[in-house]
Amino acid sequence: MAASVPSLVGPRASLVRGYAALVKLGKVIAATGVRMRTTAVAVFALALAIAVAGVVVVVLLEESLDRSVTESARSTGRQVAIQLVREGARDLSASDVASTGDTEAVTQVLDARRTPIASDPAIVGHPPLTAARPVVGQEIIETLPLGLNGDNDDYRVVSQEVAGPGGPFTVISARSLEPVTEASTRLTLLLGLIAVPLLAIAGLAVYRAVGSALRPVERMRRTVAEISTRDLAARVPLPPGGDEVHRLAVTLNEMLSRLASAQAAQRRFVADASHELRSPLSTISTALDVSGRHPESTGDLVPVIARETARLRELVDDLLMLARTDDATDRPQRTEVDLDDIVRAEAERLRGESTVDVEVRAGPAKVHGSETQLRRAVRNLVDNARGHARSRIRVSSAVRGDLAVVEVSDDGPGVEAADRERIFERFVRLDASRQRGHGGTGLGLPIVAGIAARHGGRARYAESSEPGARFVIELPAIELPKEE
């Protein structure tokens, strides 16, 4: 038992070492750059293709040579069989069954008692080459190690039974398969020798080609690395052609343009917010200073401070809401929301706070979203209409196709065509509405647009056949039950 342990451990250890080497090679390739990985993959694919093609060629060659050896043995046996059928074994001599004079191709004739009566000179005195016993007209083909040269080379043995004068006789023709093995071995070595320089040339070509293809990418990387967050005016160079690298450069430039626009918008937003915050803070600071110098006027300044504090609170609330609509990571709880209920509630609130005529057309409309944010969007549109309406405000909800629509219109001065897109930008107040008590903070409509976008819809200014302004919120609708 002890002697058998190394024979088991050795192959297992070799297998484990080979597997560990492959894993290590895979890690090394994975840790290298794109250039080396691409070259390694290309060389591996080419090596695999060469190996498969080599196996196919060698197998086809072996099959062809194997058939040739079998046909040669069959042909020699048939010649001897024809002579036995005509003349019997009486005049059969060793020269009649001699093939090549060596053990590469031998022929043997047996009588009915399985005794050799004629043999190739190279195997005279040798026992029967095979124990096969074919019947008359039958042919048996075997592959046997005959051991004629003291080795165990395989032979293709063809046995056939012949009924001739003095018969029956068994004709055995054997051909060595060593030439087939040698030919396949030589071809395998030749293919291996050819594959080595081919793989080397292919690897070098792929390495240089990938390096040339990645050179524009490296230039783009250096350019992007030199661009600072304070200056986004630089752009990556565009390589010639319309390939993937060119499209990558175009995409990077578009991204830099979007970043520059976002940076400019952020700076403008900060400046506008600072300006809007400075006004109520300055008023409050002035009022407190006057109150400190003239305590008797404190009672008159309290309403001013309260009004400016409320305005400041409103501005901060709007800024927080804008920040939430801009934050892609903010995930408010979403439920099924009935827009018609929100429309009715806001209309009732408006009737209690204003003297204008409020017309409500609340058709069933249900969406999936944040009820708090959607209520804020509708309220902003209603408050905007209240600030501009002369005598009438109309609020409605309905479903049109696959969209739930909320419309708020008024009979005020309306919005000029040139300003209908601009009014959804932040801190934009039209010239006719610059008064502090009338124009608001300039964030109401941007908040509406932001909330609509977060819910997969949009807010827009719609054309109207009647005088005044008409604002629309369009959101993806939830299909209502049939009974509703």
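Reader: Why does Val52 count as partly exposed?

Author: Happy to explain, and please keep in mind that this is a predicted model. Val52 has a relative accessibility of 48%. Buried means under 20% and exposed means over 50%, so Val52, at 48%, falls in between and counts as partly exposed.

Reader: Where is Val52 found, and what makes the nonpolar surface patch?

Author: Val52 is found in helix H2, residues 34-87. The patch is made by Phe44, Leu48, Val52, Val56 and Leu60, and covers about 490 Å². A patch residue needs over 30% relative accessible area; Val52 has 48%, so it passes that cut-off.

Reader: What does H2 lie across?

Author: H2 lies across E1, E3, strand E4 (154-162) and strand E5 (169-176), and runs at about 30° to E4. These strands belong to an open sheet of five, ordered E2-E1-E5-E4-E3, with antiparallel pairing.

Reader: Why are E2 and E3 called edge strands?

Author: Strand E2 (116-119) and strand E3 (139-145) each have a single partner strand, so one side of each is left without a neighbour in the sheet. On average, neighbouring strands here are turned by 20° against each other, direction ignored.

Reader: How do you know that E1 and E2 pair?

Author: Two strands pair if there are at least two bridges between them. Strand E1 (residues 105-110) and E2 have three bridges, in the antiparallel sense, so they count as paired. As a landmark, Val109 stands opposite Ala118 in E2.

Reader: What makes the pairing mixed in the sheet E7-E9-E10-E12-E11?

Author: Strands of a sheet can pair either parallel or antiparallel. In this open sheet of five strands the pairing is mixed: E7 and E9 are parallel, over six bridges, whereas E9 and E10 are antiparallel, over eight bridges. Strand E10 (residues 403-410) and strand E12 (residues 470-476) also run antiparallel, joined by seven bridges.

Reader: Which residues are bridge partners or stand opposite each other there?

Author: In E9, Ser396 is the bridge partner of Arg361. Val395 stands opposite Val408 in E10, and Leu403 has Pro476 in E12 as its bridge partner. The hairpin of E9 and E10 has two residues between the strands, and Gly401 takes a positive phi near 70° in that hairpin.

Reader: Which helix lies across E9, E10 and E12?

Author: That is helix H8 (residues 371-388), running at about 20° to E10.

Reader: Why is helix H10 called mostly covered?

Author: Eight of the 11 residues in H10 (residues 444-454) are buried. Buried means under 20% relative accessible area, so those eight residues each fall below that cut-off. Among them are Leu445, Ile447, Val448, Ile451 and also Arg454. Just after H10, Gly456 takes a positive phi of about 80°.

Conventions
Residues are numbered from 1 along each chain as its sequence is written. This is a predicted model: local features need pLDDT of at least 70, side-chain atom pairs count only at pLDDT 80 or more; totals for chains, interfaces and linings use all residues. Side-chain values use heavy atoms; hydrogens and water are left out. Helices (H or I, at least four residues) and strands (E, at least two) are DSSP runs, numbered from the N terminus. Contact means heavy atoms within 4.5 Å. Axes are lines fitted to C-alpha atoms, for helices over the stretch in contact, and angles run from 0 to 180 degrees between N-to-C directions. Patches are made of residues with over 30% relative accessible area and no salt bridge: like charges are joined within 9 Å, nonpolar side chains (Val, Leu, Ile, Met, Phe, Trp, Tyr) within 5 Å. Accessible areas come from the Shrake-Rupley method with a 1.4 Å probe; for residues, only the protein chains shown count as cover. A salt bridge is a side-chain nitrogen of Lys or Arg within 4 Å of a carboxyl oxygen of Asp or Glu. Buried means under 20% relative accessible area, exposed over 50%, partly exposed in between (1.4 Å probe, protein chains only).
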